[in-house]
Structure formats: structure tokens, C-alpha cells
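Here's a quick tour for anyone meeting this structure for the first time. Take a look at the sequence and the 3D view, then read on.

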Amino acid sequence: MEIVKYQFTPHGDDRGQLVALEEYKDIPFDIKRVYYIYDTLPGVTRGRHAHKNLEQILICVHGSCMLRLDDGFEQKEVLLDKPFEGVYISNDTWREMYDFSPDAVLLVLASEPYNEADYIRNYDAFLEFVKEKGGHA
Ligand code: T46
């Protein structure tokens, strides 16, 4: 499983930095939803689910957190700590976010509106789902 990272271009000048993100130019899908996670308490793990039909890019725009991705065959961990770097998460990927710094703000760009029915929240069900789709598990 490849970790797919996007490097965005900061438009820096003597006032500071600005990063602009446009669909299909910087982000490989229609951006139908934006949400962000902040004030995460110490020791908390978020996520612990997969999606059937959702692409996302996660950007830790302030502070840092860890992201664990699992395609049912292997797991990889990546540090999110740069406001100009995004990590892409495709369908059928179990994700967990943890080790949030107290000041972390995790911005998420999503290809679909919120849909609770799209979530797979049970890990065994996720493995079965990937297996049925002909994946690695
Ligand atoms: C994901 C990871 C990276 C909404 O009402 N609308 C939304 O768009 C979202 C994302 C959440 N919510 C509500 C549903 C729950 O009552 O916000 C509450 C917390 O959501 P959840 O427990 O799903 O949050 P995380 O951090 O575990 O997961 C989120 C996304 O849900 C998920 O799609 O990939 O961030």
C-alpha cells in the first residue's frame, strides 16, 4: 500500500503564508465537503472506520497528529505535521488518527457529502468487505 502525499504550494511573502486548494488542480476530486477536527483530548484515537465510497485528503493545518492506514493487507503510519502537505485516503481503507498535539487542527477535504450509511465501523466487517471486493485481505 502506497501512502499518497500531495505537496501544496505555499504562496509566501513578507506577511506569511497562504495555501490555496482547487478541485482537479490541487485536489483530485470534486470537493463536496470540508470539515476539521480540533481540541482533541490527550490519548484519543479517532476514525477507526473505513468508507465504501469516499475519497479524502487530510491536512494537519496546525500542530501534528499521526494517521494509520490499513487496506486489509498491510498497515502504514504517517505523521501529519505540515500545513502544505496532504495525505490521500481512498475507498476501502481503514483509518485511525491519534497522537494529536494539543494545538492540532486536522482539515479534511471530502469527495462526498456526509453519509452515515457509507461507514464501515466494524474491523472484521471491513476485512470481509475488502475480501469480497477481491482485495488483499
Ligand atoms: C474520516 C475521518 C478522517 C457530521 O455531522 N458530518 C460530517 O461530515 C462528519 C465527518 C461528522 N459528523 C458528525 C458525526 C458524529 O456525530 O460528527 C461526529 C463525529 O464524527 P466521527 O465520529 O465520524 O469523527 P471521526 O474523527 O472518527 O472521523 C472523521 C470522519 O467521520 C471520517 O469520515 O474519514 O474523520
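A disulfide here means a pair of cysteine sulfur atoms within 2.5 Å. Keep in mind that this is a predicted model. Searching the whole structure with that cut-off turns up 0 disulfides.

**The cysteines**

- Cys60 has its closest cysteine sulfur in Cys65, at 4.4 Å, which is too far for a bond.
- Cys65 is in no disulfide either, with the sulfur of Cys60 as its nearest, 4.4 Å away.
- Cys60 counts as buried because its relative accessibility is 1%, under the 20% cut-off.
- Cys65 counts as buried too, with a relative accessibility of 0%.

**The largest nonpolar core**

- This core has 15 residues, and the ones touching the most other members are Leu58, Leu67, Leu80, Met97, Phe100 and Leu106.
- Two or more residues each come from strand 4 (56-62), strand 5 (65-70), strand 6 (75-80), strand 7 (85-89) and strand 9 (105-110).
- Strand 5 gives the largest share, 3 residues.
- As a general rule, nonpolar side chains in soluble globular proteins tend to be buried together.

**Around Leu106**

- Setting aside neighbours within four places in sequence, Leu106 is in contact with Tyr35, Tyr36, Ile37, Leu58, Ile59, Cys60, Cys65, Leu80, Met97 and Phe100.

Terms used
Residues are numbered from 1 along each chain as its sequence is written. This is a predicted model: local features need pLDDT of at least 70, side-chain atom pairs count only at pLDDT 80 or more; totals for chains, interfaces and linings use all residues. Side-chain values use heavy atoms; hydrogens and water are left out. A nonpolar core is a set of buried Ala, Val, Leu, Ile, Met, Phe, Trp, Tyr and Cys residues joined through side-chain atoms within 4.5 Å. Buried means under 20% relative accessible area, exposed over 50%, partly exposed in between (1.4 Å probe, protein chains only). Helices (H or I, at least four residues) and strands (E, at least two) are DSSP runs, numbered from the N terminus. Contact means heavy atoms within 4.5 Å.
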